[in-house]
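Student: I have a new structure to read and would like to learn how its features are described. Please take me through it.

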Amino acid sequence: MKVFASLKRGVPPEKILEDLVPVLKQIVPQALDRFGTSILQYSTPNKADFLGFVPLKEQIAKSLNIENPGRIIIGNGGMSVISWLVKLLQSFRPGSTEIAVEAATYDRFLQLCAALGYQVAGVHFGDEGGINTDHLEKVLLNSDVGLFYQNGHDQNPTGKRQILENVKAGAEICRKNNCLYLFDAPYRELHMERHETYLLPLDEEPFSECCIFAGSFTKTIAPGLHCGYIVVPEWMLPLINPRVACEQLNPVYFTQGIIAEAMIQEIYQDLTRRIRRDYVTPRALTFNIATADFLSGANWTPLEGGYFGYIQFPGMDGPGAMIAETRSLGLEIDSGRGSIAPDCHDHILRLGEPFRFPVVTNEPEIIMKAIGVMAKAWKEVRS
Ligand SMILES: Cc1ncc(COP(=O)(O)O)c(C=O)c1O
């Protein structure tokens with residue numbers, strides 16, 4: 001059967017990108033007018049160097065409410081800046097052998113830890129609004145964890161959100177245990193319109209001391225722009241700068257100039273507002289209602305933003321039969337097992353066999369059809 005949708009990876013709906021084309025046609029010449037050759041040259045004093053394009057740093061600092069834009073390092077995508085940081089962990093926390101993550105987390109981050117030879121320690125989710133902080137404390141006390149990675153705001157893959165109190169408590173536990181806290185929040189601005197989001201107080205303790213905040217414009221504008229950043233504590237700068245200097249001679253200033261222009265003109269803020277209003281809300285509502293109707297008995301987190309959902313089916317013996325069954329009905333899906341911290345398999349699987357459910361379209365009919373196929377396949381696999 002012809003495939004009508006693939007839920008294997010989270011990619012922005014095509015319609016979002018189509019709507020972006022006229023916006024970029026307007027902004028690109030304006031960015032060139034404003035910034036001239038500084039977005040074309042290797043570096044320009046006080047404007048552009050290997051750590052990023054200064055006008056964009058200023059805009060990011062304003063949007064995150066932090067005083068010193070010099071704490072921001074901008075590179076080509078969120079994952080790339082995150083990987084510098086993890087590669088440098090021994091400079092920041094010598095002797096650490098483990099990295100802690102949420103029980104289910106961004107799969108590429110798990111792959112990065114494995115590639116760099118770090119053991120991974122999973123931290124259980126709490127009952128509501130974030131991690132189980134008692135479990136985090138226990139994990140940090142009993143091991144050599146140098147870094148806790150949390151997928152902030154709208155979590156990939158589970159769609160769970162954290163409340164600020166929970167984040168603050170987690171950061172405090174990290175500080176107390178001499179552990180860095182990496183809060184990766186590429187979906188921060190894509191929360192549902194009816195939900196207020198919050199800013200981490202990055203200039204205040206414990207965040208100013210132990211927290212690295214990561215963000216990306218990949219999902220809030222477009223993957224093709226490929227731009228991401230980290231905000232690091234000031235003490236980290238002399239350790240991290242020489243490494244970045246040899247990783248990137250110059251990042252893509254051209255992209256950074258376009259984003260800075262969009263932010264200066266507040267077009268970026270309009271774009272994310274539009275995504276929240278026009279896309280996230282109908283997608284999420286469809287997802288909530290349809291899931292409740294068709295998939296009662298399955299476990300899932302109501303989507304409140306971002307692009308990710310995670311559906312778990314109790315009583316299933318591995319993911320293979322479900323993947324084959326949905327494929328025969330024209331839907332490609334992927335197992336959610338690749339996102340689980342190895343020591344948390346039982347903790348996650350107690351709620352059922354997990355599958356990724358990224359929202360790759362804003363068309364309710366396709367989402368409804370996909371959910372219908374999931375329900376049908378689940379019934380088939382159970383019988
Ligand atoms: C949680 C998370 N962090 C980081 C990234 C990577 O962002 P980028 O595409 O900017 O490298 C993604 C991309 O899907 C993500 O889901």
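Tutor: We start with burial. A residue is buried if 20 or more other C-beta atoms lie within 10 Å of its own, exposed if 12 or fewer, and partly exposed in between, with C-beta atoms placed from the backbone. Helices (H or I, at least four residues) and strands (E, at least two) are DSSP runs, numbered from the N terminus. This is a predicted model, in which local features need pLDDT of at least 70 and side-chain atom pairs count only at pLDDT 80 or more, while totals for chains, interfaces and linings use all residues. Residues are numbered from 1 along each chain as its sequence is written.

Student: Which residues of helix H5 are buried?

Tutor: In H5, residues 107-115, they are Phe 109, Leu 110 and Cys 113. Seen down the axis of H5, these fall within an arc of 100°, so they line one face of the helix; the arc is that of the directions from the helix axis to the C-beta atoms. The face turned away from the buried side carries the exposed residues Gln 111, Ala 114 and Ala 115.

Student: What covers the buried residues of H5?

Tutor: The cover includes strand S5 (98-102), strand S6 (119-123) and strand S7 (145-151). Contact here means that the C-beta atoms of two residues, placed from the backbone, lie within 7 Å.

Student: How are the domains read?

Tutor: Domain bounds come from an automatic or database domain assignment. Here the assignment gives domain 1 (5-18 + 273-382) and domain 2 (20-267). Between them, 31 residues of domain 1 are in contact with 29 residues of domain 2. On the side of domain 1 that touches domain 2, the largest share, 6 residues, comes from H11.

Student: Which residues are closest to the ligand?

Tutor: A residue counts as near a molecule if its C-beta atom, placed from the backbone, lies within 6 Å of it. The ligand is surrounded by 13 residues, the closest being Gly 77, Gly 78, Met 79, Ser 216 and Thr 218.

Student: Is Asn 65 buried or exposed?

Tutor: Asn 65 counts as exposed because it has 11 C-beta neighbours inside 10 Å. His 226, with 19 such neighbours, counts as partly exposed.
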